[in-house]
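User: Could you show me how to read helices and surfaces in a protein model?

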Amino acid sequence: ALYLLSVSVVGLSLSRLLLGYLLKKVSSFTVWISSLIIVLIGCLLMYTSSSYQMVFLAIFLIGFGLGAGFPVVLGHIGQLFPHLSGTAFSIAFVIALTGNTIINYSFGEISKSIGVSKLPIAIGVYTLIMLTFSLLIKHHLSKKTS
C-alpha cells in the first residue's frame, strides 16, 4: 500500500510539473477533460488488471490524472472572480473538502459492504459524473455566449 501511495504521488507530482508547460499550449478545459479521461483509463486498468505491474501503472495514471484538479479549477475561479479571488478560493476549498469527506466516507462504506475490489468502479463513476457535469457546463456556457 505504501508503494502504491508513493506511485500515486509521483504521478500527481509529474502531472503538476507538466501543467506549467501544458497550460501555456492547450486550453485549461482540454487539460481538465484529458485528465479525467486519464483517471478513467487508470480505473479501468486497475479493475481489469491481474498483475502488480498493471496495478502500479493504473495507480500512477489515476494520480497523474488527478494532478490537474486543483490547479485548473483554481485558475478558472481566479479568472472568473479576480476581485474576490480570496473569497472564491475559500468557497472552493470548503466545497472540495466537503466533497472529499463525503467521498472518503462513501469509499469506506463501499469497501466495508462489498469489498475493496469495487473501489475502481466507484472512482470511475465519480469521475464520469465530473466529466458529464464539465461537458454540460461547457455546453451551457458556449450556448450562453453565442
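User: How far apart are the end C-alpha atoms of helix 3, and what span should its 15 residues give?

Analyst: Helices are DSSP runs (H or I, at least four residues), numbered from the N terminus, and the expected span is 1.5 Å times one less than the number of residues. For helix 3 (residues 52-66) that gives 21 Å, and its end C-alpha atoms are 21 Å apart, which agrees. This is a predicted model, where local features need pLDDT of at least 70, side-chain atom pairs count only at pLDDT 80 or more, and totals for chains, interfaces and linings use all residues. Residues are numbered from 1 along each chain as its sequence is written, and side-chain values use heavy atoms, leaving out hydrogens and water.

User: Which residues of helix 3 are buried, and what do they pack against?

Analyst: Buried means under 20% relative accessible area, exposed over 50%, and partly exposed in between (1.4 Å probe, protein chains only). In helix 3 the buried residues are V55, A58, I59, L61, I62, G63 and G65. They pack against helix 1 (2-25) and helix 2 (28-48).

User: Is S134 buried or exposed?

Analyst: S134 sits in helix 6 (residues 119-145). Its relative accessible area is 12%, so S134 is buried. Contact means heavy atoms within 4.5 Å. Beyond its neighbours within four places in sequence, S134 is in contact with F29, W32, I33 and L36.

User: And Y47, where does that residue lie?

Analyst: Y47 lies in helix 2. Y47 counts as partly exposed because its relative accessibility is 41%.

Definitions and conventions
Helices (H or I, at least four residues) and strands (E, at least two) are DSSP runs, numbered from the N terminus.
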